[in-house]
Amino acid sequence: MTASPTAKILANAIDASELTQREIADRIGMRNPNVISMMKQGITRVPLNRIPALSETLEINAQTFLMTAIEEYHPGTHEVLVDVLGLPLSDTEMRLLGLLRTTEASGIVDAIGPLWRYLETLLEVASTNSKAD
């Protein structure tokens, strides 16, 4: 088994999948299924631009997979992403972001103003309650 954390995520997902390496390669737009085997074993790096397709195909958390690969392959870049952007996002942050994006994409509701006011009020109440304890 490989020592590569990225390859381990990929290997676990492939092993849990019912897809063949040929099917995976086809779905992510790679011609040679042997490359899937090489990535799984850690012989070849997982191309960062293939992580979204691999994540969708193998039902992997894309953020975790991507951040693991960046940390392994580009530790300096990973450090900057963590410091500047506060990545990775927590599950709660991802859920909130997904909800906000879905709401905005629908075009039905302007969620920014009302949501912001509600969250500010909620945080003020939580802060007041924690100070009282």
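A pocket, as used below, is found on a 1 Å grid over the protein atoms alone as an open set of points where a 1.4 Å probe fits, with protein on both sides within 12 Å along at least five of seven lines, and its lining residues have an atom within 4 Å of a point. The structure is a predicted model, in which local features need pLDDT of at least 70 and side-chain atom pairs count only at pLDDT 80 or more, whereas totals for chains, interfaces and linings use all residues. Residues are numbered from 1 along each chain as its sequence is written, and side-chain values use heavy atoms, with hydrogens and water left out.

**Exercise 1. Describe the largest pocket by its volume, its lining and the helices that supply that lining.**

Begin with the volume, taken as the space filled by probe spheres set on grid points that are joined across faces, edges and corners; for the largest pocket this space is about 210 Å³. Next, list the lining, which consists of Glu93, Leu96, Leu97, Leu100, Leu115, Trp116, Leu119, Glu120 and Leu123. Finally, sort the lining by class, counting Ala, Val, Leu, Ile, Met, Phe, Trp, Tyr, Cys and Pro as nonpolar, Asp, Glu, Lys and Arg as charged, and the others, Gly among them, as polar; the result is seven nonpolar, no polar and two charged residues.

**Exercise 2. Work out how α1 is oriented against α5, and which residues make the contact.**

Start with the axes, which are lines fitted to C-alpha atoms, for helices over the stretch in contact, with angles from 0 to 180 degrees between N-to-C directions. The axes of α1 (residues 5-16) and α5 (residues 62-73) come within 8 Å and cross at roughly 150°. Angles over 145 degrees count as roughly antiparallel, those under 35 as roughly parallel, 65 to 115 as roughly perpendicular and the rest as oblique, and α1 is therefore roughly antiparallel to α5. In the contact (heavy atoms within 4.5 Å), Pro5, Thr6, Ile9 and Leu10 of α1 meet Phe65, Thr68, Ala69, Glu72 and Tyr73 of α5. By class, this contact has six nonpolar, two polar and one charged residues.

**Exercise 3. Is Thr6 buried or exposed, and which residues does Thr6 contact beyond its neighbours within four places in sequence?**

Thr6 is found in helix α1, and its 0% relative accessibility has to be set against the cut-offs: buried is under 20% relative accessible area, exposed is over 50%, and partly exposed lies in between, with a 1.4 Å probe and protein chains only. Thr6 therefore counts as buried. Leaving aside those sequence neighbours, Thr6 is in contact with Val46, Phe65, Thr68, Ala69, Glu72 and Tyr73. One of these partners, Thr68, also counts as buried, because its relative accessibility is 17%, and Thr68 in turn touches Pro5, Thr6 and Ile9 when residues up to four places away in sequence are not counted.

**Exercise 4. Determine the orientation of α5 against α6, and name the residues in their contact.**

The axes of α5 and α6 (residues 75-85) come within 5 Å and cross at roughly 130°, which means that α5 is oblique to α6. The contact is made by Met67, Ile70, Glu71, Glu72 and Tyr73 of α5, together with Pro75, Thr77, His78, Leu81 and Val82 of α6. These residues divide into six nonpolar, two polar and two charged.

**Exercise 5. State what sets the backbone of Glu59 apart, and where Glu59 lies.**

Most residues other than glycine have a negative phi. The phi of Glu59, by contrast, is near 55°, a positive value in a residue other than glycine. Glu59 lies in the loop between α4 (51-58) and α5, and counts as exposed because its relative accessibility is 75%.

Conventions
Helices (H or I, at least four residues) and strands (E, at least two) are DSSP runs, numbered from the N terminus.
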